[in-house]
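Subject: Structure handover

Hi,

Here is the structure for you to look through. Please open it first, then read my notes below.

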Amino acid sequence: VEKRMEETTSRKKDGKKIHPIQVGCEFAGDTGLLLASREGRESIDRVSKEWVVRYMKNRGDACAEAATFLLQACGVISMAFSASDIEQSGSDELKNRVEECIKDSGLENILGGRGGKHFKQDYKEMWDKIIRELGKSGTFDMFVVEKIVELTIALSTSAVREVRRIATLTV
């Protein structure tokens with residue numbers, strides 16, 4: 001678990017501040033995809049290409065990273081999926097674990113507040129870029145698509161509104 005002790009803002013070329021995700025929150029797993037979605041298109045382009053390289057090396061770990069990104073966008077920052085979770089667990093089982101984590105740890109407000117509208121657009125752009133870059137790389141297979149779609153469908157039936165909202169946004 002990574003402790004976020006300093007503000008994660010950066011500046012765009014036009015000098016405007018980017019709203020920080022949270023200060024002092026503990027994030028489980030890698031936050032690269034989430035941070036890039038908060039920072040905008042330039043970061044999205046770079047990070048999506050880096051993710052495809054990781055996918056070509058180890059598709060299970062990269063798929064787990066993408067699924068964790070989906071969780072983080074929902075506001076679930078205290079849980080991360082592993083490759084074995086993605087490969088061996090059913091999507092309904094994963095959804096139940098997510099809901100248990102939410103009961104225990106709560107949610108962070110990732111989507112709301114300043115920058116929420118832009119985050120929605122950039123979140124969708126991140127998924128689009130990941131799929132496009134995967135297709136360009138010549139290594140496109142249905143593994144990541146099937147796993148993320150299964151998880152998204154399961155999360156869309158969640159009792160937690162914020163989770164359903166991001167699952168709908170992801171589709």
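Start with the rings. Phe69, Phe119, Tyr123 and Trp127 are linked into a cluster by ring pairs. Keep in mind that this is a predicted model. A search of the whole structure finds five aromatic pairs. Two of them are described here.

Take Phe69 and Trp127. Their ring centres are 5.5 Å apart. Their planes meet at 35 degrees, so the pair is tilted. Where do the two residues lie? Phe69 is in helix α3 and Trp127 is in helix α6. The pair therefore ties together parts that are 58 residues apart in sequence. Phe69 counts as buried, because its relative accessibility is 1%. Trp127 counts as buried as well, at 9%.

Now Phe119 and Tyr123. This aromatic pair is also tilted, with 5.8 Å from centre to centre and 40 degrees between the planes. Both residues belong to helix α6. They are four residues apart there, so about one helical turn separates them. Phe119 is buried, with a relative accessible area of 1%. For Tyr123 the value is 0%, and that residue is buried too.

**The core**

The largest nonpolar core has 43 residues. Which residues have the most contacts inside it? They are Trp51, Val76, Phe81, Val98, Tyr123, Met126 and Trp127. Tyr123 and Trp127 also belong to the ring cluster. At least two residues come from each of α1 (32–39), α2, α3 (59–74), α5 (91–105), α6 (116–137), α7 (142–155) and α8. The largest share comes from α3, which supplies ten residues.

Look at Phe81 next. Its contacts, leaving aside neighbours within four places in sequence, are Ala64, Ala67, Thr68, Leu71, Ile86, Leu94, Val98 and Leu151.

Leu94 is on that list. Leu94 is found in helix α5. It is buried, with a relative accessible area of 3%. Again leaving aside neighbours within four places, Leu94 is in contact with Phe81, Asp85, Ile86, Ser89 and Leu151. Compare Leu94 and Leu151 in the viewer. They are 57 residues apart in sequence, yet their C-alpha atoms are 7.5 Å apart in space.

Begin with α1. Six of its eight residues are buried, so α1 is largely enclosed by the rest of the structure. The buried ones are Leu33, Leu34, Leu35, Ala36, Ser37 and Arg38. Just after α1 comes Gly40, with a positive phi of about 115 degrees.

Helix α6 holds Glu133. Is Glu133 buried or exposed? It counts as buried, at 10% relative accessibility. Not counting residues up to four places away in sequence, Glu133 touches Ser48, Lys49 and Val52.

Helix α8 covers residues 161–170. Val163, Ile166, Ala167, Leu169 and Thr170 are buried in it. They cover an arc of only 160 degrees around the axis, which puts them on the same side of α8. The face turned away from that buried side carries the exposed residues Arg161 and Thr168.

**Cysteines**

How many disulfides are there? The count comes to zero. A disulfide is a covalent bond between the sulfur atoms of two cysteines. Cys63 is buried, with a relative accessible area of 0%. Cys74 is buried too, at 4%.

The chain averages a pLDDT of 81. At least 70 is the score of 78% of the residues. Which element has the lowest mean pLDDT, and which the highest? Strand β1 (residues 2–3) has the lowest, 38. Helix α2 (residues 41–57) has the highest, 93.

Be careful with residues 1–26. Their pLDDT stays under 50. The model has 53 contacts beyond four places in sequence for this stretch. Where pLDDT is low, the predicted coordinates should not be read in detail.

Best wishes

Key
Residues are numbered from 1 along each chain as its sequence is written. This is a predicted model: local features need pLDDT of at least 70, side-chain atom pairs count only at pLDDT 80 or more; totals for chains, interfaces and linings use all residues. Side-chain values use heavy atoms; hydrogens and water are left out. Buried means under 20% relative accessible area, exposed over 50%, partly exposed in between (1.4 Å probe, protein chains only). The arc is that of the directions from the helix axis to the C-beta atoms. pLDDT is the predictor's confidence in each residue, from 0 to 100. Contact means heavy atoms within 4.5 Å. A nonpolar core is a set of buried Ala, Val, Leu, Ile, Met, Phe, Trp, Tyr and Cys residues joined through side-chain atoms within 4.5 Å. A disulfide is a pair of cysteine sulfur atoms within 2.5 Å. Rings of Phe, Tyr and Trp (its six-membered ring) pair if their centres lie within 6.5 Å; planes under 30 degrees apart count as stacked, over 60 as edge-to-face and the rest as tilted.
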